[in-house]
Amino acid sequence: MRRVAILGGTRGMGRSIARRFVERGDWVVLLGRDEDELGRSKADLEARGAPGVRVATTRCDLEHPESFRPALEAAEQLLEGIDTVVVTAGLFATQEKLEQDPVFAQKLLTVDFANTVVFCEEARKKLLLRGKGTLCVFSSVAGDRGRKPVVIYGAAKAGLSAYLEGLDHKYRSQGLVTVCVKPGFVHTGMTSGLPTPPFAGEPDDVAQAVIEAIDAGTPVVYAPAIWRAVMTAIKAMPRFVMRRAGF
Amino acid sequence: MPQTRIAGWGRQFVEGEELKPETLDGAPPVLFRGLGRSYGDSSLPAASSPLVVNTTRANRIIAFDPATGVLRAEAGLALVDINRTFLPRGWFVPVTPGTSLVTLGGMVAADVHGKNHHVEGCFGAHVTRLKMRVADGRVLECGPDLERELFLATVAGMGLTGQILEVEFGMRRIPTPWIWQESERVANIEEYVEKLKESAKDWPMTVGWIDCLSRGANLGRGFLMKGRWAQAHEAPAKFPRELPKIRFPFTAPEFLLSQATVKTFNFGLYNSHFQKKKVGLTDPFRFFYPLDTVLDWNRAYGRRGLTQYQCVLPDSAGTGAARKFLEVLSSRGGASFLCVIKDCGPESAAYLSFPRKGISIALDIAIRSDTQELVDALNEHVLNAGGRIYLAKDQFTRPEHFRAMESRLPAFQAVREKWDPEKKFKSAQSVRLFGD
Ligand SMILES: Cc1cc2nc3c(=O)[nH]c(=O)nc-3n(C[C@H](O)[C@H](O)[C@H](O)COP(=O)(O)OP(=O)(O)OC[C@H]3O[C@@H](n4cnc5c(N)ncnc54)[C@H](O)[C@@H]3O)c2cc1C
Ligand SMILES: NC(=O)c1ccc[n+]([C@@H]2O[C@H](COP(=O)([O-])OP(=O)(O)OC[C@H]3O[C@@H](n4cnc5c(N)ncnc54)[C@H](OP(=O)(O)O)[C@@H]3O)[C@@H](O)[C@H]2O)c1
């Protein structure tokens, strides 16, 4: 049985992941910024959870790094220890919007890269103190290559992917398993209103794949899985092609 | 917000905009829709107000009390999700439609009925509370004993009285997750109806299908199926395995859509649906939702799509009315191969609830140039017999026919007028039928 802290479990892929964990009997503490949303998600998880499952919530805002350590400490207390930390929280905006609004662009870069790394550093220390644990963080296929529609968001995710790879190299032997999730396009609130590209996925299917990866300790997981092939092809494309391509 | 094409299960597309938020709190005051399993235009935006809110991401359970079985959840929660969580724990919804790919909001707004209508009535009869947002923006609760008028207009109200945010209803304890089923062959429509009514005395669930192409003395030959939840001593201790899902891979091209292919498909589908001559155990997935194993099966009907015609013929019209219905159908070239006939118990107090004491007949029809005339002809017969059609399936009924069939419509409209005088909540269907 796992004791899981999820930052971003109120909506989207995080919601699906939290549900799968409690359905199979794992304990979950939700970290988030909105008390009301946390309460509603807790009730949902309690109703769905296997008998004896424990669900808790605590405040944590990815925009406020000072909230990270207290939140993780509270989480440890609520579940009497944490062995798995999942981060799905993040911001997204179209390249168009980020070019028009530098203030928001800075916020996105801060939240999706700097603050996420800071949060992971806190989580890493806590997990290493226990001797072992899993840190599963949502990056994106957008971080695999600089591309026109995701110049800024992709840069943040590229930084995050690089950090997670480094972490995995450095700490796996000490017991910290790092899982970097690279979703392709997935239907969630984050992507609603965007035109659906090919190979779009559903949050429940991503959750299934992610939990399998967490259990197996897979360092990088593309979800839906087809995106691994798609990104391999895109990474192999010469610059002059990418410069012309719209994607 | 980009324009998208939105359709009901019958694949009649309209242009619109569809929001799909995770929380319904800040949703704009427009029509809500769920999983779009109503066949016709009930869940489609009116041309004059193209925005709709899809509720399917608002799918959290709010509370479940295992002592009483009372479940409260956000309106976008899907029945398939409820079953996945609660069937293994020995709970089931009191009323289920023939597909589990529906939301709680859709089940209330259409006041769905199942194979147990003669015993349990419609889903709305089991609803204890609705949390709604009405046209002036207020969020309020209603139920059988609270804002009763609004409640009775919202159940079966097809989304026209306001937005259902949360639904609270009573789940039922089941002895096992297995079904005991018996079926028998029936020679003609008269015998079918007689046996259907007779079985109602002993069986909580009944349904069957008849062959709509047979004629004369054989007219209406078919199968009648009866079921009940199996008792512990009759059933295995293990949980039944669901059938693997397959997806209909493409929209069938026109050349595949000859009468014959559609009929064969229709037949195959229903044949797998309603297992022949069988006495013994089956599972709830096969028994209630056999069509759910083929995802997107409506694509088999091609680009023009399909409609379902469903009506209720009251007992007062006699079995002659059922025979006459089939005659009208076959005189129009047998648009459908099979009809599903169910037993209906007493009418609900919800103003627009479809069932009334009698039998319900439902048939899938591939859309062709003469579909309007076919529906008109069937409607005239149903009107003469004192029956009515089911809005959740309808796309073709004329307003004058519906008005004549539904004597409670003025009362419904009066409640609607009170709660939504500006008609913020309207659908393509309400424009077509009620002139919104
Ligand atoms: C294969 C199949 C079998 C079926 N079998 C049966 C059956 O046996 N018995 C039966 O009764 N029906 C049956 N149906 C019809 C189906 O149960 C109803 O149409 C049901 O309403 C579909 O639910 P939905 O979530 O898809 O709603 P939608 O089709 O999306 O919407 C249906 C109506 O509900 C309204 N609505 C939905 N959510 C809300 C909300 N939150 N607030 C306010 N209004 C809302 C919409 O505005 C619309 O008018 C069947 C349909 C199919 C495809
Ligand atoms: N969806 C896709 O197609 C896609 C593709 C590639 C990568 N990704 C990445 O995958 C992750 C999950 O995406 P998603 O689509 O599931 O997202 P989502 O539906 O928008 O959910 C985001 C979750 O993060 C929380 N959150 C956001 N900002 C927060 C903050 N400042 N502090 C605390 N919590 C915060 C939200 O909580 P609230 O309820 O408080 O808002 C919500 O629970 C993200 O990192 C995203 O970048 C997504």
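In β9(B), L130(B) has C142(B) as its bridge partner. First, the ground rules. This is a predicted model, in which local features need pLDDT of at least 70 and side-chain atom pairs count only at pLDDT 80 or more, while totals for chains, interfaces and linings use all residues. Residues are numbered from 1 along each chain as its sequence is written, chains are lettered from A and ligands numbered from 1 in the order in which they are written, and side-chain values use heavy atoms, with hydrogens and water left out.

Back to the strands. Helices (H or I, at least four residues) and strands (E, at least two) are DSSP runs, numbered from the N terminus. Two strands pair if DSSP finds at least two bridges between them. Strands of a sheet pair through backbone hydrogen bonds, either parallel or antiparallel.

β8(B) and β9(B), the latter covering residues 139-142, pair in the antiparallel sense over four bridges. Their hairpin has five residues between the strands, and G137(B) takes a positive phi near 95° there. What else does β8(B) join? Six bridges link β8 (residues 127-133) to β10 (residues 163-170) in chain B, and the two run antiparallel. Within β10(B), Q163(B) is the bridge partner of R133(B).

Chain B also has an open sheet of four strands in the order β1-β2-β4-β3, with mixed pairing. β1 (4-6) and β3 (32-33) of chain B stand at the edges with a single partner strand each, so one side of each is left without a neighbour in the sheet. β3(B) pairs in the parallel sense with β4 (residues 51-54) of chain B over two bridges. There, R33(B) stands opposite N54(B) in β4(B).

Now chain B as a whole. It has 12 helices and 21 strands. A compact globule of 436 residues would have a radius of gyration near 22 Å, and chain B has 21 Å, which agrees. That radius is taken over C-alpha atoms, and the globule rule is 2.2 Å times the number of residues to the power 0.38. Of the 436 residues in chain B, 62% are buried. Buried means under 20% relative accessible area, exposed over 50%, partly exposed in between, with a 1.4 Å probe and protein chains only.

Chain A has nine helices and seven strands. With 247 residues, the globule rule gives a radius near 18 Å; chain A has 17 Å, which agrees. Buried residues are 54% of the 247 in chain A.

Last, the rings. Over all chains there are 20 aromatic pairs. In one of them, F92(A) and Y153(A) have ring centres 4.8 Å apart and planes at 85°, so the pair is edge-to-face. F92(A) lies in the loop between β4 (84-87) and α4 (95-100) of chain A and Y153(A) in helix α6 (residues 151-171) of chain A, so the pair ties together parts 61 residues apart in sequence. For the cut-offs, rings of Phe, Tyr and Trp (its six-membered ring) pair if their centres lie within 6.5 Å; planes under 30 degrees apart count as stacked, over 60 as edge-to-face and the rest as tilted.

Is F92(A) buried or partly exposed? F92(A) counts as partly exposed, at 26% relative accessibility, and Y153(A) as buried, at 8%. In chain B, F92(B), W229(B), F287(B), F288(B) and Y289(B) form one aromatic cluster.
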